[in-house]
Amino acid sequence: MATAAAGALSLLWGWLWSERFWLPQNVSWADLEGPADGYGYPRGQHVLSVFPLAAGIFFVRLLFERFIAKPCALHIGIEDSGPYQAQPNAILEKVFISITKYPDKKRLEGLSKQLDWNVRKIQCWFRHRRNQDKPPTLTKFCESMWRFTFYLFIFCYGIRFLWSSPWFWDIGQCWYNYPFQPLSSGLYYYYIMELAFYWSLMFSQFTDIKRKDFLIMFVHHLVTIGLISFSYINNMVRVGSLVMCLHDVSDFLLEVKTQSLFLHLLGLLFFYSCVRTFSPTQFLSSFLQAAKLANYAKYQRLCDTLFVIFSAVFMVTRLGIYPFWILNTTLFESWEIIGPYTCWWLLNGLLVILQVLHVIWSYLIARIALKALIRGKVSKDDRSDVESSSEEDDVTTGTKSPCDSSSSNGANRVNGHMGNSYWAEE
């Protein structure tokens with residue numbers, strides 16, 4: 001039995017590392033064992049080193065959020081408190097826990113007679129009770145500040161490294177003399193850090209704030225990890241570095257929505273980095289993360305402005321540069337230079353899936369950006385995890401529900417801004 005299991009494992013291992021799967025024809029693993037400049041050629045065992053590094057990144061994140069992000073949030077006035085707490089009511093709590101969190105018209109009318117409350121008051125209770133389980137702004141702030149800090153760091157590192165790389169200016173260099181392209185130390189660190197970070201995101205996604213696009217993000221992390229791993233093992237690291245840098249351009253824009261003093265410091269840092277690298281895209285990439293930070297700091301106009309700028313950057317990079325520059329070279333130029341093989345098909349399939357996700361997100365972002373331009377502010381996002389009283393319709397009359405003693409306009413100011421927007425939930 002043990003011998004049979006060992007034989008099956010050996011067969012599986014041989015199939016997993018088949019040269020015909022990973023490498024072009026007439027190329028073997030032995031060909032990539034020889035010396036080369038820098039770190040030699042990529043090897044599969046290098047990928048295993050990301051797991052302790054991913055655990056280290058996650059530990060650093062906990063320290064960062066506890067000792068850096070949280071004090072910054074408290075300093076600018078973000079309170080460590082959740083949404084408005086619903087008043088205790090045993091009957092409504094039983095319905096909420098055991099039956100439904102979204103009662104229909106018939107149930108609302110029945111509860112209204114039983115409790116001698118009007119329907120709108122019961123609606124408001126259920127809305128407050130649903131929001132009660134949502135994470136506080138402080139938690140969102142800390143998550144966003146951590147992601148922003150890492151994205152900013154890795155993007156600045158990547159753009160400075162790629163600026164002096166020949167394939168950044170001539171993408172055909174990604175395929176010339178492939179796969180015999182030496183791995184430099186800079187490219188090695190860039191790849192391993194990115195892969196370890198996405199593994200840490202994969203783990204932390206189950207403990208972070210749950211959003212409506214949880215499944216899409218899970219698929220995104222799987223596709224990203226698969227792309228980085230596969231492209232590293234079969235030495236497509238040049239085009240892989242371009243894909244990573246292109247995504248980091250808008251990713252770190254996404255998180256800046258939370259602070260005032262921090263925003264000013266970031267602005268100086270962005271300007272300095274742009275001057276040093278002469279990269280206009282780096283300047284543009286500062287806006288998305290800045291939008292999130294501005295949101296949490298209650299800089300509504302700045303937040304909306306940065307969001308619209310981010311939307312434009314996202315559309316240009318994900319719907320323009322990515323398909324017409326990256327996909328064009330991986331699908332067509334590489335076909336002409338190196339020809340297709342098994343792993344080539346897999347990598348391009350993952351890249352196409354990534355583009356499908358780009359289209360989905362672009363649609364969601366475009367809807368919010370359009371509302372921001374028309375209404376003068378960013379409205380509620382489909383992915384929101386906190387409900388706004390200004391958007392809750394009375395199921396019996398079809399009118400707005402003026403929950404609480406404040407007016408609907410006051411409720412909108414409290415709940416309807418960017419706390420319910422894409423930035424609060426991304």
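This is a predicted model: local features need pLDDT of at least 70, side-chain atom pairs count only at pLDDT 80 or more; totals for chains, interfaces and linings use all residues.

Me: How do you know that the length of helix α10 agrees with its number of residues?

Reply: Helix α10 covers residues 185-204, which is 20 residues, and at 1.5 Å a residue they should span 28 Å. The end C-alpha atoms are 28 Å apart, so the two values agree.

Me: And what makes α10 mostly covered?

Reply: Buried means under 20% relative accessible area. In α10, 16 of the 20 residues are buried.

Me: Why is α8 called roughly antiparallel to α10?

Reply: The axes of α8 (residues 137-163) and α10 cross at roughly 160° and come within 10 Å. Angles over 145 degrees count as roughly antiparallel, so that is the label for this pair. The handedness of the crossing is left-handed.

Me: Which residues of α8 and α10 make that contact?

Reply: On the α8 side they are W146, F150, Y151, I154, Y157, G158 and F161. From α10 come G186, L187, Y189, Y190, M193, E194, F197, Y198 and L201. By class, that contact splits into 13 nonpolar, 2 polar and 1 charged.

Me: What does α4 do against α10?

Reply: Helix α4 (residues 50-75) crosses α10 at roughly 65°, and their axes come within 8 Å. This crossing is right-handed. The α4 residues in the contact are V50, F51, L53, A54, I57, F58 and R61, and they meet I192, M193, L195, A196, F197, W199, S200 and S204 of α10. Sorted by class, the α4 contact with α10 holds 12 nonpolar, 2 polar and 1 charged residues.

Me: What makes α7 largely enclosed by the rest of the structure?

Reply: Of its 14 residues, 11 are buried, so α7 gets that description. The buried ones are V119, I122, Q123, C124, W125, F126, R127, H128, R129, R130 and N131. As for length, α7 reaches 20 Å from its first C-alpha to its last, close to the 20 Å expected at 1.5 Å a residue.

Me: Is D116 buried or exposed, and how do you know?

Reply: D116 has a relative accessible area of 69%. Exposed means over 50%, so D116 is exposed. This residue is in the loop between α6 (105-115) and α7 (119-132), and its phi is near 60°, a positive value in a residue other than glycine.

Me: Is N235 buried or exposed?

Reply: N235 is at 2% relative accessible area, and the cut-off for buried is under 20%, so N235 is buried. Phi of N235 is positive too, about 65°, although N235 is not a glycine. The loop between α11 (214-233) and α12 (237-251) is where N235 is placed.

Me: Why does V308 count as partly exposed?

Reply: Its relative accessibility is 27%. Buried is under 20% and exposed is over 50%, so V308 falls in between and counts as partly exposed. V308 lies in helix α15 (residues 300-337), and its C-alpha is 5.7 Å from that of A369, a residue 61 positions away along the chain.

Me: Which peptide bond is cis, and where is P179?

Reply: The bond from Y178 to P179 is cis, with omega near 5°. P179 is in the loop between α9 (166-169) and α10.

How values were computed. Residues are numbered from 1 along each chain as its sequence is written. Side-chain values use heavy atoms; hydrogens and water are left out. Helices (H or I, at least four residues) and strands (E, at least two) are DSSP runs, numbered from the N terminus. The expected span of a helix is 1.5 Å times one less than its number of residues. Buried means under 20% relative accessible area, exposed over 50%, partly exposed in between (1.4 Å probe, protein chains only). Axes are lines fitted to C-alpha atoms, for helices over the stretch in contact, and angles run from 0 to 180 degrees between N-to-C directions. Angles under 35 degrees count as roughly parallel, over 145 as roughly antiparallel, 65 to 115 as roughly perpendicular and the rest as oblique. A crossing is left-handed if the near helix is turned anticlockwise from the far one by less than a right angle, and right-handed if clockwise. Contact means heavy atoms within 4.5 Å. Ala, Val, Leu, Ile, Met, Phe, Trp, Tyr, Cys and Pro count as nonpolar, Asp, Glu, Lys and Arg as charged, and the others, Gly among them, as polar.
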